[in-house]
Every structure is written in structure tokens, then in C-alpha cells.
Amino acid sequence: MSTLEPRPDELHAAVNGRELTFAEAIREALAEEMRRDPRVFLMGEDVGGAGGVFKVTEGIQAEFTPKRVIDTPISEAGIAGIAIGAALTGMRPVLEIMFGDFTTLVMDQMVNQAAKAYYMSGGKLSVPMVLRTTMGAGRRSAAQHSQSLHAWTSHIPGLKVVIPSTPYDAKGLLKSAIRDNSPVIIFEDKMMYKLKGPVPEGEYTIPLGLADVKREGQDITIVATSSMVHIALSAAERLSEQGISAEVIDPRTLFPLDAQTLISSAKKTSRALIVDEGYRRYGITGELASVITEGAFYYLDAPVRRIAAFDVPVPFSPPLEDATIPNEELVVKTALELLGRR
Amino acid sequence: MLNTDQFIELYRQMVTIRRFEEAVWELYTAAIMPGLAHLSIGQEAVPVGACAALRRDDYITSTHRGHGHCLAKGARIDRMFAELLGKVDGYCRGKGGSMHIADQDMGNLGANGIVGGSAAIAAGAGLSAKMRGTDQVVISFFGDGALNQGLLLESMNMAASWKLPAIYLCENNQYGEYTPMVSVTAGADITARGRAFGIPSFTVDGQDVLAVHACASEAVARARAGDGPTFLVCNTYRYRGHHVGDQLRAYRTREEEKEWEEQRDPIAGHAEWLISHNHATPADLERVDADARREIQEGIEFAKASPFPPLEEVTEHVYA
């Protein structure tokens, strides 16, 4: 995964040849939104002086002062609650929870408080906050720093969930998330922070709820999320060498979900494969497979297949860890099986 | 310093809360009110004394036992009852119910069904006030049950570190649901927990509305001046059970209940004070009570007449 290359077919707009890393694109989105709107502020563990453990917020505090880039104690539930209280009263906080694994500590605040305030109050209280956190294994960080728990929050009505795969998408989606009036959680694969990709100069946003066709094809639909998009694109390239035209679709947001784009593609290709790095059971792949099956059943030539992380705690030992993560080889193999070619 | 009208207003609010809660008991046991009902009868002096120290644009966060907080912060009786009955004219269009009444216009950031769940939200409102450059303050109401929630301590730590205009107000009614507070709470002096964070911390007679008001006013002044949080432990007592269905109350004695009700009642105590200090006559106070009863009755009629929300609203207000 560390050798991921941006691909030309990710391009969407005139880009002036400029490239940014995934981390730089996020940083640029944060800085632009903070310049645009004085209500936007950042808080989290080590986000200020240290610039974040993954250096995503490096330099932001120098521009915006510690008043708007707040280093917090290591109190995940508490800082989530503080962000909610600030959002309820006129601010637009962007909270960083360093590792996605630590979102388990903020579940009451996000699930019982942030997600429900608007509904429980009959539309009076809103919580315009963003929670940025990480996902993804491969960093040899073992079971408590490697999980991809985006299914947990996708399950909750009232929360929006964003899961970008490229620097371009990360920037445009984060800007939309900050402007959204509902609580939005963004999962950033920590293995992609150094991934480079085209990001045009100047203002743009990407609406939440719009899937992106990362590669067009006719024979099979591969729906992939986050870093799995790159694995899917590499697999699609290899499949093309065998004369198979694979379409790769990135939902980009798990809620709102652009079900129509997934279903339309499956109707066109008659075969669908879902790739996501969360756990397999009761997870994203199951949900997306169900959406496609319900929407395109009579067009399908085979059952929808899915590839996800192993249902085990992420192991430390590198060969064991690598075995738990979906890879290009497995995507190619599964796609060939779906197409009846083995 | 309060004047005669304000002293009587404190009385009026306490009586209104008690009559409101008594009416909730009736509505609940008559199966007109759905769900759960946690009554604050006996605790009226705490929200009334504390909220009297606030401005309309100040904030509160409340608890599952929150009817008194809402009323003391200025909620209307009729819309409260409508919410309790799940009706469309309720504060939350019937979607919140007894445990989730919120009213932004009155600075009420919401009651909460999670014990201690709003402690950090209150601190966040304080941070927001500070960032926006206002002198608003926030009172976080919580019960003794919340004392042992980690979130409360996380929140107090940040409020103290950052000098947030937040007042942590513990309504110590002696029982967390069915368990005596003292049996599950370490340390004889609860206020020591606040002092550990460097927060000025005081024990208050929660049955004395003037004592609550005085302490809350000092805390509010400290917060407005930018001097940070205060921790108030108001000792009080809920006369009824944890909720209406808790009628046995095997965890405490009838003698103990009788002692609080007969010797430390906040309403009777304040009435005595008003009369002995020539702020009111018994006839004045009877009129206040009669007015409150009438208002409660009108509120119930309003709520009963209000329709349930149309079914299409079930999917509205999920996303802002």
C-alpha cells in the first residue's frame, strides 16, 4: 500500500499540473475554511504545536493562533462533548480523533448526543461539527491502532460519513463537510497521507452523496472505498490485460449513499464486487452488496461478491497483518471467479 | 440583592414546578402520558435558585429529571405538557418527550437521557461563548449519579484548564436511581473532587432557594468575569421514587422521607421566610398557588387538545 501511485484516470477537472499529498489537501481545506468562516476552529490531541501525529495540521496553528487550533488533553469523550456544545451554540468545530480505534471512546457523545440533537429537539438544535479520524491497517501498529470502524457510525441515523480515496476528493469533501449543518465523520486512511494526486488551485467543493466512477468499464463493477479504490484500480488494470473491462466506483460518502450510481453500474455490467477495509461481518460490504442486490437483482448474472478485512483483531506481525487486508491479487481472483474465468 | 417581587417570583416558580410534577404523576398513572416520568418534587429550590442567577441568553444543560430546569429557565407550561404527551405543539414537536426537552430560545441546550451525558456539552457551550467574545455563562445540571461518570471529570478538567464560564451544579438527591449515593461514591466530601482541579467548590443547602441563588450568583459572576468554573453540590431530596413506577422505594425508609418532607421542604421553608420578613401574607401565597394550579390545568387542556404529529414527520429532522 505504501507504493500507491495516483492514477491519471482520477482526474476530474483542469488541474494546472499541481499535485498535493492527501495530507496537504486536507490541510489546505482546513485552512481555506478557517479563512472563510471565523466560526470554524480545530481541536484535538496534538493538533496544534505538533501539527498532528500524522502532520496533517502542520503550520495551521501558526497561522490561526492557539485560540482557533486547540491542543486538548487526552480525553476523547470529553473533547467530543466540547465540540458538540460549541457546535450547538454557534461555532463550527473540526475535531480530530487521532486513531479511528479511539472513536470507540466518543460513541456516547457522537451517537447519543450529536446524532440525535436535531431530531430530538424537533429541528431546533443542530450540531454542525466535523470529526476527522483515521482508519486502515498496514502500519504495523497492531490491534488498537489499525481498525477501520467506519461501519459503526454509518449505522447511526443523524450522522454523515465521508471516506475519501484521493487528495482531490479529500479536499472537496472536507470543505463540504465543514459547511454541512449536521455532524459529519471523515475517515482518512493513514496509509494514504503521503499519497500524491492532482488538486487544482482555487475553490471547489464536492457534494456529499455523490459517488465517483474512478474507471469506466463494461464487464464487472468493483465498488471500493478509501485506499481500496487504489487496489481496485490496479486490479482493473490487470484485468484489462486479460480483456476484461472493469468499472471502479467509489461511493465517497457512506451516508448519504449514492445508491443509484452503484445500482446503475451493476445493471450495466451484471456483476458486482465490493471491496472495503472494514471487518466483513455486519459491515460496509454487506450493506453495499444488499443495496445492489435489491436494486439490480434481475440484471445480475452472479451473486454480488465482497472482500473485506479478516474478522480478526489486526495482528502485529507484518506477514500476519498483511494477510488480513484485502489486496490486488484477491480482487483480481474474485473478479475472475465472478466472470466465470478461473 | 433581590426585591420583594423577585422573592415572590422564586416562590411562584417553585410552586409551579411542584404542581406541574404532581400533574405529571396524575397524567402518567392515568396512562395519558407515555414513556417514563422522573419527578423532581422536593428538589424545586435548586433549579429555581440557580436559574434566577442567569440571563435569558445564558445556557443550561439538564438531565432526565429536568422538568424543573426547563420551567425555571423560562419554558412555557402548555408546550411542556404537549411535549410530555408526544404532541405536535410540544417544544420538540413530540419527538423528544420528557427526557429531551430543549429550547434554544431560552438557552436550554437540552435535557439528557444519559447520566452525565451533557457535562462536556456544557463546557463546549462555555468555550463557544468565550470564542465568540460574549459573556454568556452555562450551568450544567446533573445528579449525584453523574459524579462517577468519567466524562464529568474530563469536562471539569478542561473547564478549569481553559477557565471556561461553566458552572457544574450537582443536585445531590442522595440516590442514584435505586442505590444510595454514599454506598457507591468514594470520599466523604464530594466538593474535594472539584478542588482537585483547582475549581472553587461549595456545598449548598439545596432546600433553601435563597442559599442556592446566592451561591449560584457568585458562581455566575466568577464565570462572567473570566475566572472560570465553579462546582456547587446542592444537597436535596426527591420525595417520589426514581420514576413514577418506583413506588416501593425499598432502598430508603419512610422515616427519612418524612423528615425531609416535613422539616426541610423548600416551598414551605421559603413561604415561612416570605411571611416572617413581611414580603407576603399567607393570602398572597395562596393566590400564587391558585394561579399556578389554574395555569397547570390550562396547560394540560392545551396539551390534550394538541394533535399528535403527522406521520410524515417521522423522517423529518434527521439531518439539518
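**View 1. Helix H1 of chain B crosses helix H12 of chain B.** In this predicted model, the axes of H1(B) (residues 4–29) and H12(B) (residues 282–305) come within 9 Å and cross at roughly 40°. Axes here are lines fitted to C-alpha atoms, for helices over the stretch in contact, and angles run from 0 to 180 degrees between N-to-C directions. Helices (H or I, at least four residues) and strands (E, at least two) are DSSP runs, numbered from the N terminus. H1(B) and H12(B) are therefore oblique to each other; angles under 35 degrees count as roughly parallel, over 145 as roughly antiparallel, 65 to 115 as roughly perpendicular and the rest as oblique. The crossing is right-handed, meaning that the near helix is turned clockwise from the far one by less than a right angle. Look for B:Ile8, B:Tyr11 and B:Phe20 among the H1(B) residues in contact, and for B:Leu285, B:Val288 and B:Ile296 among those of H12(B); contact means heavy atoms within 4.5 Å. The residues of this contact divide into eleven nonpolar, one polar and six charged. Ala, Val, Leu, Ile, Met, Phe, Trp, Tyr, Cys and Pro count as nonpolar, Asp, Glu, Lys and Arg as charged, and the others, Gly among them, as polar.

**View 2. H1(B) also packs with helix H4 of chain B.** Here the angle is about 25°, and the axes of H1(B) and H4(B) (residues 77–84) are 12 Å apart. That makes H1(B) roughly parallel to H4(B). B:Thr16, B:Phe20, B:Ala23, B:Val24 and B:Leu27 of H1(B) meet B:Ile77, B:Met80, B:Phe81 and B:Leu84 of H4(B). By class, this contact has eight nonpolar, one polar and no charged residues.

**View 3. Chain B meets chain A.** In this view, 36 residues of chain B are in contact with 41 residues of chain A. The area buried between the two chains is about 3200 Å², with 67% of it from carbon and sulfur atoms; buried area is the accessible area (1.4 Å probe) that two parts lose on being put together, summed over both. B:Met131, B:Tyr319 and B:Ala320 supply 22% of the area that chain B buries against chain A, more than any other three residues. A salt bridge is a side-chain nitrogen of Lys or Arg within 4 Å of a carboxyl oxygen of Asp or Glu.

View 4. The closest N and O atoms of A:Glu33 and A:Lys175 are 3.1 Å apart.

**View 5. A cis peptide bond links A:Phe255 to A:Pro256.** Its omega is near -5°. A:Pro256 sits in the loop between strand S12 (253–255) and helix H9 (259–269) of chain A.

**Notes.** Residues are numbered from 1 along each chain as its sequence is written, and chains are lettered from A in the order in which they are written. In this predicted model, local features need pLDDT of at least 70, side-chain atom pairs count only at pLDDT 80 or more, and totals for chains, interfaces and linings use all residues, while side-chain values use heavy atoms, leaving out hydrogens and water.
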